[in-house]
Amino acid sequence: MAIKISVLDQSPVYPGETCEAALAHTVELAQKAEELGFGRFWVSEHHDSSQVAGSSPEVLISHLLAKTSTIRIGSGGVMLQHYSPYKVAENFNVLATLAPGRVDLGIGRAPGGLPRSTQALQRGGGDNETLTEKIAEVAQHLGGGLAEDHPLAGLRATPLPLTAPQLYVLGASTGSAAIAAELGLPYVFSLFINGDEAQAAEAVQAYRDAFARYAREKAQPGLKPEIIVALSVVVADTEEEAAELAGSYKLVKIHLSSGKTLTVGTIEQAEEFARQSGEPYTIEELEPSVVKGTKETVRRKLLELQEACGVEEFVFTTNIQPFAKRLRSFELLNEALAGVPAEA
């Protein structure tokens with residue numbers, strides 16, 4: 001099967017670079033992705049960070065839609081735990097009304113920042129809904145209205161666009177796969193966060209199995225699961241250059257005594273997270289999962305991963321500097337996969 005290429009850009013702010021430059025690079029990369037014929041371009045949500053400029057995906061998506069013409073633009077993802085499902089649905093319905101058929105709403109499970117920013121984002125909130133319940137409510141709003149037994153039945157998240165935003169559940173575990181399948185929604189496994197290819201294959205299969213049960217329960221045998229794998233990739237003209245460019249990648253996990261495990265970018269961020277959480281912790285630094293190398297190497301690895309997971313689409317993130325090398329990596333990636341036959 002052919003491999004569909006999409007992009008997740010985190011608007012990284014590198015040493016000596018301004019936030020203005022970082023966001024300008026995101027715009028330029030979105031335009032390059034459209035020029036190369038990629039399927040979609042997503043932006044992330046991170047808070048209280050000096051290393052990432054994208055704290056408000058809805059605002060950035062609006063700007064990117066205005067700066068492009070055909071490529072789908074979306075979030076990878078909105079951290080719904082912090083927000084009202086109704087307001088999120090309204091925001092994305094406005095975007096979908098402005099750009100019909102071009103808007104994706106990816107919802108993530110991570111906090112998107114340190115405990116301090118989580119506290120600030122949830123200040124004044126008092127709902128006790130689970131994330132699954134919140135996602136289900138967003139789906140209902142995007143579908144035109146709440147269920148009849150909902151306390152707010154009759155409420156509409158206006159404007160109602162002709163084409164609703166496409167909703168995705170993002171995650172890096174079998175737990176997130178279960179949520180997506182339970183709600184009958186497309187699923188994105190974040191391999192660049194998890195780093196475990198075997199667990200990715202396990203989560204994808206768990207999603208397929210649970211989705212099949214969902215389709216049977218809904219008496220919709222024709223309903224098919226939709227799966228995307230998100231991963232880091234670095235493509236260069238030589239193996240040595242690719243290894244050097246990918247050298248800045250880190251995968252740092254913090255394990256809190258409460259049982260939570262989170263992935264951050266640096267040891268310093270992990271230590272600060274633990275300090276703000278006030279919990280005992282351990283830190284684990286792992287070799288990140290980055291597909292890197294020349295066009296030939298990357299093509300071969302992606303075909304292997306595609307076979308292992310059985311997916312047609314990958315969302316690629318490439319956080320390398322200088323920016324010209326980031327652009328070049330995506331150009332080479334496009335060349336690497338341009339020759340993949342429809343039945344690989």
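Reader: Which residues have the most contacts inside the largest nonpolar core?

Author: This is a predicted model, and in it those residues are F41, L105, I135, L231, L302, F316 and L333. The core as a whole has 70 residues.

Reader: What makes L333 a residue with contacts?

Author: Contact means heavy atoms within 4.5 Å. Leaving out residues up to four places away in sequence, L333 touches I5, V233, V235, V298, L302 and F316.

Reader: How do you know that strand 7 is mostly covered?

Author: Go through its residues, 227-235: nine of the nine are buried, and buried means under 20% relative accessible area. Strand 1, at residues 4-9, is mostly covered too, with five of its six residues buried.

Reader: What makes you say that both faces of strand 7 are covered?

Author: Start with a general point: side chains in a regular strand alternate between the two faces of the sheet. In strand 7, one side holds I227, V229, L231, V233 and V235, while the other holds I228, A230, S232 and V234. Every one of these is buried, so both faces count as covered.

Reader: How do you know which strands pair with strand 7?

Author: Count the bridges, because a pair of strands needs at least two. Strand 6 (residues 187-190) joins strand 7 through four bridges, and Y187 has I227 as its bridge partner there. With strand 12 there are five bridges, one of them between A230 and V315. Strand 11 (residues 290-293) is joined by four, including the one between V233 and V291. Strand 7 runs parallel to strand 6, to strand 12 and to strand 11.

Reader: And which strands does strand 1 pair with?

Author: Strand 1 has four bridges to strand 12 (residues 313-317) and three to strand 2 (residues 40-43). Both counts meet the cut-off of at least two, so both are pairs. S6 is partnered with V315 in strand 12, and V7 with F41 in strand 2. Strand 1 runs parallel to strand 12 and to strand 2.

Reader: Where is the helix in the right-handed β-α-β unit?

Author: That is helix 1, residues 19-36, which makes the unit together with strand 1 and strand 2. The unit is called right-handed because, with the strands pointing away from you, the path from the first strand over the helix to the second runs clockwise.

Reader: What makes F314 and F316 a tilted pair?

Author: Their ring centres are 5.8 Å apart and their planes stand at 40°, so the pair is tilted by those cut-offs. F314 and F316 are both buried.

Reader: Which residues do ring pairs link into a cluster?

Author: Y187, Y207, F211 and Y214.

Technical notes:
Residues numbered from 1 in each chain as written. Predicted model: local features only at pLDDT ≥ 70, side-chain atom pairs only at ≥ 80, totals over all residues. Heavy atoms only, no water. Core = buried A, V, L, I, M, F, W, Y, C linked by side-chain atoms within 4.5 Å. Buried < 20%, exposed > 50% of the residue type's maximum accessible area, 1.4 Å probe, protein only. Phe/Tyr/Trp six-rings, centres within 6.5 Å; stacked < 30°, edge-to-face > 60°.
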